[in-house]
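Me: I'd like to learn how to read a model like this one, feature by feature. Could you walk me through it?

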Amino acid sequence: MEPLASAERELTGVAPEPHVRFRGATKSFGKGIHALEDVSFDITPGSFTVLLGLSGSGKSTTLRLINGLHTPTDGEVSVLGEAIGTARGHRLQDLRRQIGMVFQQFHLVNSMSALENVCTGALGELRGPRIGLMMYPKRIRERALEQLERVGLADQRFQRAENLSGGQQQRVAVARALMQKPKVLLADEPVASLDPKSAHQVMRLISGIAREDGLTVVCSLHQVELAREWGDRIIGLRGGRVVLDADAADISHEQALEIYATVSGREDAESERAL
Ligand SMILES: Nc1ncnc2c1ncn2[C@@H]1O[C@H](COP(=O)(O)OP(=O)(O)OP(=O)(O)O)[C@@H](O)[C@H]1O
């Protein structure tokens, strides 16, 4: 998915500024735990990048560096042209508002309706807490309903989140992320808890919305086939290092599987899951 970036290049002859830039980024936790080591890449606006790798390879750390939850121990991470690790206060809040997030475990409030969960995505633009759907301004409730319509769940708007299926809950979580009107959408293993049919549905939804809104997506996955089907580009991580970085269309199933090259029994089991 390169329409935005390639259109801009065609019009101006200049490649657009990347939405995400890693330059020699390293993240260590104490002595000896290098979650990420010397990672460099640029992510083009409007592209869909998949981070592929087994458990512990550094995918979540990469996403957390992008949304400023971690700061790099060494090197630089910039998002939308700013070094997010050094941004503070309002500037950091503004940047974070432009970065939507979707998680493996959905992180909805179970006792709230689907619509109220989506409304919480707008809390960053409101003052003070809101308890109950009717405490949100009408314009926010209307926007939330529009987002629920986009993910095909308007008819479930008053259903408590806990009564929805996993796939439906993830669609509500996508709608909530869209309330921020993000430029960048980060998805951390968004389909790892879903059955294959729901997983495809959610990936199709994220991909379709990203295309419509020109969103830049960075999505971690551990399933090779999903990565090849939905990503424009695959960045493979192993042991905190980039071991593959190429257009998804140019990567064979076997090449992608090499990311899971076995060095221990644990990884053997993981590489079977990755198929
Ligand atoms: N806060 C932390 N403190 C200590 N070590 C950490 C911390 N966060 C991550 N790590 C370590 O960094 C490495 C990379 O972890 P990360 O969560 O980024 O991997 P991942 O590819 O997302 O794995 P998973 O799919 O299991 O979430 C692992 O060895 C992990 O144990």
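Reply: Happy to. Let's begin with residue classes: Ala, Val, Leu, Ile, Met, Phe, Trp, Tyr, Cys and Pro count as nonpolar, Asp, Glu, Lys and Arg as charged, and the others, Gly among them, as polar. This is a predicted model, in which local features need pLDDT of at least 70, side-chain atom pairs count only at pLDDT 80 or more, and totals for chains, interfaces and linings use all residues. Residues are numbered from 1 along each chain as its sequence is written.

Me: How do those classes divide the shell around the ligand?

Reply: The shell has three nonpolar residues, seven polar and one charged. Its members are Phe29, Ile33, Ala35, Gly53, Ser55, Gly56, Ser57, Gly58, Lys59, Ser60 and Thr61. Here a residue is near a molecule if its C-beta atom, placed from the backbone, lies within 6 Å of it.

Me: Which helix supplies the largest share of the shell around the ligand?

Reply: Helices (H or I, at least four residues) and strands (E, at least two) are DSSP runs, numbered from the N terminus. H2 gives the largest share, three residues. Strand S2 (33-43) and helix H2 (59-66) each supply at least two residues of that shell. In the whole protein chain there are ten helices and ten strands.

Me: Now the sheets. In what order do the four strands of the open sheet come?

Reply: Strands of a sheet pair through backbone hydrogen bonds, either parallel or antiparallel. Two strands are taken to pair if DSSP finds at least two bridges between them. The order in this four-stranded open sheet is S2-S1-S4-S5, and the pairing is antiparallel. S2 and strand S5 (82-83) are at the edges with a single partner strand each, so one side of each has no neighbour in the sheet. H2 packs on this sheet, touching strand S1 (20-29), S2 and S4. Contact means that the C-beta atoms of two residues, placed from the backbone, lie within 7 Å. The direction of H2 makes about 120° with that of S1; axes are lines fitted to C-alpha atoms, for helices over the stretch in contact, and angles run from 0 to 180 degrees between N-to-C directions. As for S5, two bridges join it to strand S4 (residues 74-79), and Val79 stands opposite Glu82 in S5.

Me: What is the order of the open sheet of six strands?

Reply: That order is S6-S7-S8-S3-S9-S10, with mixed pairing. S6 and strand S10 (241-247) are the edge strands, each pairing on one side only. From one strand to the next, the twist averages 15°. S3 pairs in the parallel sense with strand S8 (residues 216-221) over five bridges and with strand S9 (residues 233-238), also parallel, over four bridges. Leu52 has Leu221 as its bridge partner in S8 and stands opposite Gly236 in S9, while Leu51 is opposite Ser220 in S8.

Me: Why is strand S3 largely enclosed by the rest of the structure?

Reply: A residue is buried if 20 or more other C-beta atoms lie within 10 Å of its own, exposed if 12 or fewer, and partly exposed in between, with C-beta atoms placed from the backbone. In strand S3 (residues 48-52), five of the five residues are buried, so the strand is largely enclosed. In a regular strand the side chains alternate between the two faces of the sheet. Phe48, Val50 and Leu52 point one way from S3, Thr49 and Leu51 the other way, and all are buried. For the protein chain, buried residues make up 44% of the 275 residues.

Me: And backbone angles: which value of phi does His107 have?

Reply: Most residues other than glycine have a negative phi, and most peptide bonds are trans. Phi of His107 is near 55°, a positive value in a residue other than glycine. His107 is in the loop between strand S6 (99-103) and helix H4 (114-119). Glu189 also is not a glycine, and has a positive phi of about 45°. Its place is the loop between strand S7 (184-188) and helix H7 (196-213).

Me: Is His107 buried or exposed, and is Glu189 buried or exposed?

Reply: His107 counts as exposed because it has 12 C-beta neighbours inside 10 Å. Glu189 is buried, with 20 other C-beta atoms within 10 Å.
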